[in-house]
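Please read what follows alongside the sequence and the coordinates, taking one region at a time.

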Amino acid sequence: MKPPPFDYVRPDSLQAAVGALADLEWGGRLIAGGQSLVPMLNLRLAPLVRLVDVSRLEELRCLEETSDAVLFGACIRHAEFEDSEVPDATNGLMQQVAAGIAYRAIRNRGTIGGSVSLADPSADWITPLIALGARFNIVGQEGKRVCQAADMFTGPYTTNVGDHEILVSIEVPKLSAEAQTGYYKIVRKAGEFAMAMCTAIRDKQHGLCNVVLGCANRKQILLPNSSTYLADVGEWSDQVRADFRASYRKDMQQANRMEDLYELKLCETAVLQTVESALVNS
Amino acid sequence: MEKNESGVDEKNRQQPFRGIGARINRNEDARFLDGKGEYLADLNIPGTQEVAFSRSPVAHGRILSIEIPEEFRSQVFLMSDLGNIKPVRAVLNHPDFRVSDFPAMATDVVRFVGEAIAMCVAPTRAEAEDVAQSIFVDFEELPVVVDTLESAGGRTEIIHEGWPNNTVFISKPGNGDIDAVAKKADVIISRELRMNRQCVVSLEGRGVLAYQDRRLQELVVYSSTQQPHIIRTILAKLIGVDEHKMRVVAPDIGGAFGVKNNLQQEEVAIAALAKIVDFPVRWIEDRREHLIASAQAREHHYSMKLYADKNGRILGLDAEVIVDAGAYSIWPWSCAMECNMVVGVLPGPYKMEAYRGKGITVLSNKPPLGPYRGVGRPGACFAMERLIDELAREVGREPHEIRIENMVEPDQMPFTTIAGKLYDSGNFPQSVRKCAEMINVESFRERQKLNAKNGIHIGLGWASYVEQTAHGTNEWLSRNLSEIFGYESATARFTPDGNLILEVAIHNHGQGLETTLAQVAATELGVDPTNVVIRYGDTAVSPYGLGTFASRSMVMAGGAVGKATEELAEKVKRIGAHILETTFDSVLLRDGMVVSGERSVPFSEICRVAYRHAQDLPPNEEPGLTATVAYQPESGTGAFSYATHAAEVLVDTNSGLVKIDDYVVVHDCGTIVNPMVVEGQIQGGLAQGIGNALYEESPYDSNGQPLASTFLDYLLPGFTEVPTARIEHIESPSPFTRYGVKGMGEGGAIGAPAAVVNAINDALKNTGVEINETPVSPRRILTAIQRAASTSDSNEGNNL
Amino acid sequence: MNISLKLNGKDISADVEPRTSLADFLRSPEHGCTSIHLGCEHGVCGACTILIDGRISRSCIALAVAADGCDVTTFEGLNDDELITQLKDSFHQNHGLQCGFCTPAMLISAREIINQNPDLDEASVRFAMSGNICRCTGYSGIVAAITEVAKNRK
């Protein structure tokens, strides 16, 4: 189980990295932590010509905190969030998410930008970043552009980032101190990919209220009815639980996701656990 | 001389006692803790070229052509390039057994995805894989047989040409009048059950390295195998080398569990290649190969009827078992071993008037089935014990009570079962009683009543089983096996400086035998077990023997070591008495010395005389201090360990996840040599049993494509999935073995699937759900609940 | 491609193919770090765990070229580490190993989690160690060994 031959470059500037992708019509691929890509290379499942190592580029390791947001370089590692080595914009949500990604050895290498760019549907970062309304800074030959969270994730393993573009950083709006958050995923065993996952955020001060569902092999979806219900709901109770269940079912009906009963149930559990923990624990 | 119950010479016991029965730490730990184990991939033999196999991407196809790029032609070896290599033919000596051949690499037809077609040789594995990827094989695809029941149902697509159907063998053990029992039974528990296909997953894959030793003029084959001597015997035959010109070495092995207990096709191919090239060649199995091309395990289907009276007394069992053995027959076990084992042991620890077993082995276009920890018995135990729990439910009693009442009683031992097995000793009901005490069933039932909130249910499950170990000559004969594994041999050898070496033909890959065999020697010779060297895993360092499998090594090799060291002890005493100028009867062995009253002579002195100064030996005593013996237990029918497991689980019907809250094992393996090692084996087996129960599955799609070829799809139980079991021992020495020892390597894996699945069903008993299939995945649980909900009239408002 | 890195405290440089994993590079006869074991080569089993820049990492899914300039420590380089010595003894006392294949990586991972969290109990040991697979022991001896060392260091 060894990779096929390929070239490897480690450009010393962002511009050079863009160039290293652009001068190949096909087969250029970025590597950061490599925790998902190298397994695929070892299995010979990811044909490529050239690896462009961006893990050490300053622009991708940047960290900027302003009064209303934090800008995280794409190559900040999961463990840095877990260990609170970077500022927290989310009342602990991002730390909680990071600490649950795979295993410590993976978190020490894997990066938020790598995870986002690969867009494995069971990857942990995606539902919280959608729920938070993160903005993604992308650079290509045509220059810089910003992609909103709602447009970023186009389907399993596909994103708004083009083949010749690089995700440079992720801007996460800060939550207010009163904001409530919940994150829950269902895994068969510790560290495995989630079968279903959900993030819920209610930040009344910022007018933000989102419930985002992720599920194995499916595009993440924002649940409009559940989000609306969350915005004004009172304390957690059996009735609230039943109401959430009803709004979740409505969301799934609207999303045409009623046919797989097993998935429907798993996702329901993830959603209910998430909103409960948002309302009860935070 | 005083002897204790297990026949051990009490006076030889040093202080503190470290012989048989002592909980001492392991001798072999040191090199592994230093990171200095030497596994096959670690061998550094100059000039070694690495091999990658080109393997079939289709499940069934006729090879029309193999295109090899010209630049790589000299690096690629097909079967036809290897000379006259015989195909492997693994059969049972029974006229009804249908014979097929398993070539080392496919020549005309491939029969499962992953079957080897060509060897690609290069300086590195990466380059070898490049070569393998460049080969294009054109197939005429043939119809694929995947479904076990369809295959058994006589489907017309035939896997081996010339066969009328895909059934290999049918065995029909049993006794008594099942029809009479059926007529008088008050209760019939009738179920279909399934234990799905699994992989074995040793953490180190398989691997082979071979080269010609120019000086010794022999072919040296390193293989990650549990049975080097046996492998030499069969390899020599297949590739046409005389056995005395071949050496097989098994280095340190990173786990085996049965998957390294077969002749492997790659062993044949690599050894044959080494014969015709003038450099060492090595193949290291990678994880994908392991998951799709190694021998796999389980895949049982059960149709069972258990007959009982209204109090839950078992009257009889009628069982039809179909095992899907994959595409080929594995040597030396044959593809029918798994199924034959299942129907041979199904009645378990229970008495009954009648048993009718029918075991049908069928083939399919999947990897061949081989032994995996438990062989047949995890499935047999799962099926039988599921029925026992259902019987208890049916008659309104606690499952453990039903077990106690139906079990063979201690005063009935030795006991011949309805299936013809001879149980040697034990107190089966006591294991259940002890287990029930440890669990506190009444208090559990109280908690269970309170505890069904928010879709979370708790349940208690039981499993009792009998584990046949150290199968002897009679047993293998009765199974019609081509090889008879009824004995083991050992050489015990003092070195001239007074230290002891034991040379054995078994292998040690986690079982602690470098410690426990030393404990046997310590018991006989009064030596320090931490200073005994155990050599094994090499046809050049020990007498011929059969290897480590089927929970046999402690009984067989332990017996051989005991016998050899006893022989040495006699001679040491004779020499010592002579040196001390006293009589043989007045000396004993203690702490590495021959002792007579206040006087003593150290073994170093005995050995000096024995090896270097024969003039000081007693008259007529031969020089040297070496003994080579073979040992077989007094009965060739095996020593039977047994246990009762109880699992307490929590089932979350919101997610379908199962958590094991408590796990109890009450176990009897006769005389315990080292309790720490025994508990380690139970706990380790338990982890694999939990994998079997909840996580591990190797499914195939309708084209015969494997759906679990990485650890992302093939889930192994980890730290958070395996609880630490509470373990208690009963010690009923076997009357048939030296020291009363019984084997016990597999039991943990045998009981767990049944106990865990029974517990899940106990948890779900009020939901109308019953699950009789492993592994019990979240999908299976939630789907079963959904099905139950849609068949009952209630819709919304129930659990889903 | 030429790389330079620190391996077990020594500066080394070498010419490697870009596709060579750090595990294969370090296991090669030239470097001889055969305590690194390859159990899956796709980052799941943990048997190849080493330290890159002081943190546990999977060497089977790290490329040697990407370790250029890094400080790499394998189990071979931890001979004199006090915590590793304690863990080895505790594994021995608690029967925390059987075949030994997962053992060096277990020890390295255990060292990091103890260093990171002085308040480990059985549950947190289990969760933190969940990236390492053992197929022999059923984990109980390993959990006991690590928990004991963590407790004794408090």
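At what angle do helix 17 and helix 18 of chain B pack, and how far apart are their axes? This is a predicted model, in which local features need pLDDT of at least 70 and side-chain atom pairs count only at pLDDT 80 or more, while totals for chains, interfaces and linings use all residues. Residues are numbered from 1 along each chain as its sequence is written, and chains are lettered from A and ligands numbered from 1 in the order in which they are written.

Helix 17 (residues 675-695) and helix 18 (residues 747-763) of chain B pack at an angle of about 40°, their axes lying 6 Å apart. Helices (H or I, at least four residues) and strands (E, at least two) are DSSP runs numbered from the N terminus, and axes are lines fitted to C-alpha atoms, for helices over the stretch in contact, with angles running from 0 to 180 degrees between N-to-C directions. That angle makes helix 17 of chain B oblique to helix 18 of chain B, since angles under 35 degrees count as roughly parallel, over 145 as roughly antiparallel, 65 to 115 as roughly perpendicular and the rest as oblique. Residues in contact (C-beta atoms, placed from the backbone, within 7 Å) include B:Gly684, B:Gly685 and B:Leu686 of helix 17 of chain B and B:Gly748, B:Ala749 and B:Pro753 of helix 18 of chain B.

Elsewhere in chain B, 4 strands form an open sheet of mixed pairing in the order 19-27-28-29, where two strands pair if DSSP finds at least two bridges between them. Strand 19 (456-469) and strand 29 (726-730) of chain B stand at the edges with a single partner strand each, so one side of each is left without a neighbour in the sheet. Strand 19 of chain B runs antiparallel to strand 27 (residues 639-652) of chain B, joined by 14 bridges, and B:Ile456 stands opposite B:Asp652 in strand 27 of chain B.

Another open sheet of chain B has 3 strands in the order 4-2-6, with antiparallel pairing. Its edges are strand 4 (109-110) and strand 6 (136-141) of chain B. Strand 2 (residues 61-67) of chain B is joined to strand 4 of chain B by 2 bridges, and B:Gly61 stands opposite B:Val110 in strand 4 of chain B.

Between the chains, the contact takes 41 residues from chain C and 38 residues from chain B. On the side of chain C that touches chain B, the largest share, 4 residues, comes from helix 2 of chain C.

Conventions. Two residues are in contact if their C-beta atoms, placed from the backbone, lie within 7 Å.
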